[in-house]
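The sequence and structure come next.

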Amino acid sequence: MRYDSLIDAVGRTPLVGLPRLSPSPEVRVWAKLEDRNPTGSVKDRPALHMIEAAERDGLLTPGCTILEPTSGNTGISLAMAARLKGYKIVCVMPENTSEERRELLRMWGAEIISSPAAGGSNTAVRVAKELAAEHPDWVMLYQYGNPANPEAHYTTTGPELLEDLPTITHFVAGLGTTGTLMGVGRYLREKVPGVQIVAAEPRYDDVVYGLRNLDEGFIPELYDAEVLTTRYSVGSHDAVRRTRELLEQEGIFAGVSTGAALHAALGVARKAVKAGERADIAFVIADGGWKYLSTGIYTAASTEEAIERLHGQLWA
Amino acid sequence: MAIEVRIPTILRDYTDGAKAVEGNGASIDELIADLETRHAGIRNRLVEEDGSLRRFVNVYLNDEDIRFIDGISSSLDDGDTVTILPAVAGGA
């Protein structure tokens, strides 16, 4: 495959079967390797799409500064595109995210503003909104509310999945901005009668929720519950356990949020086996494990030890 | 029937700091009413006056969001686990 530039090489990622983790020849699980994008995560798709939409709308012009609340991947994708297209970029990220992510952002030339660990991404969103008000000339693409985010998946990820797996019965992905699930979900629902769209929502340790006020929660503007069939909450224990299984059994080196999606995918697979139904379940490898290497979770002697090492980190 | 209920930090004032408590009921609605008898005030934090779940409160039955089951009418079995969490931003 040949492309004119790195930016043109976003998407068209492989879909690979999981012969060992799939429960039977009738119930198969497939992984969409989004870590094969230029900066190593699924976020290259929405980031590029949001930038190009803002350029078309005249919001982004050469020399502009982009602002974004991000715990890493979106910022890394935006920073790469910003460098190639000549924009400056400021990322607001929770202080409890891994050093690799910070180094990657700096490497691409992003300025990082840390937000307090308590409250996780909620706090990063709030801080970014405050900064946007103080700097009206900065352009916040705002992945949680920008329709170009799900549109990237509606126009690329969804069609790719259907082309590679016309017999798809379930789509499973992590629930964050909700962009992947909303975009792919809407596309598949239009094309595949009865398709099930399943969200895997990360459940963090107490520290992340600690100071949350129940009256001031956060639901991304993009979220539409109608698109989903169901939604699972996956704790760090199951996410880490599945991340390690994916590596040990299928040789796929993925980030921790992927373990959460795999956990939900295998839960759905188990249900299909019980019901005696055939299923082709596709789930998203959101990123590779590189950014989580320093946690030691891949080589820890046991899952329990691995979880101990992850404690308090924002892993999705 | 004993149901384990995991309580988020923000609501532990009602449970004397306990991270998890036990409750009874054939549905989520009954379970919340049962919790209210020992942890007065908790129901009002979870449920609106019209009986629906508050917007920024998520309740999971065996890790599945009850909004995709039968809401607060979702039925419970002995040994089920219910997790209450505030809605937070995810994504990267």
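How many residues does helix α8 of chain A have, and how far does the helix reach from its first C-alpha to its last? Helix α8 (residues 236-250) has 15 residues and reaches 21 Å, close to the 21 Å expected at 1.5 Å a residue (1.5 Å times one less than the number of residues). Helices are DSSP runs of H or I with at least four residues, strands are runs of E with at least two, and both are numbered from the N terminus.

This is a predicted model, in which local features need pLDDT of at least 70, side-chain atom pairs count only at pLDDT 80 or more, and totals for chains, interfaces and linings use all residues. Residues are numbered from 1 along each chain as its sequence is written, with chains lettered from A and ligands numbered from 1 in the order in which they are written.

Just after α8(A), Gly251(A) has a positive phi of about 75°.

## α8 against α9

The axes of α8(A) and α9(A) lie 7 Å apart, at an angle of about 95° (axes are lines fitted to C-alpha atoms, for helices over the stretch in contact, and angles run from 0 to 180 degrees between N-to-C directions). The two helices α8(A) and α9(A) are therefore roughly perpendicular (65 to 115 degrees; under 35 is roughly parallel, over 145 roughly antiparallel, the rest oblique).

## α5 against α6

Helices α5 (residues 148-164) and α6 (residues 179-191) of chain A have axes that come within 7 Å and cross at roughly 50°. Therefore α5(A) and α6(A) are oblique to each other. The crossing of α5(A) and α6(A) is right-handed (the near helix is turned clockwise from the far one by less than a right angle; anticlockwise is left-handed).
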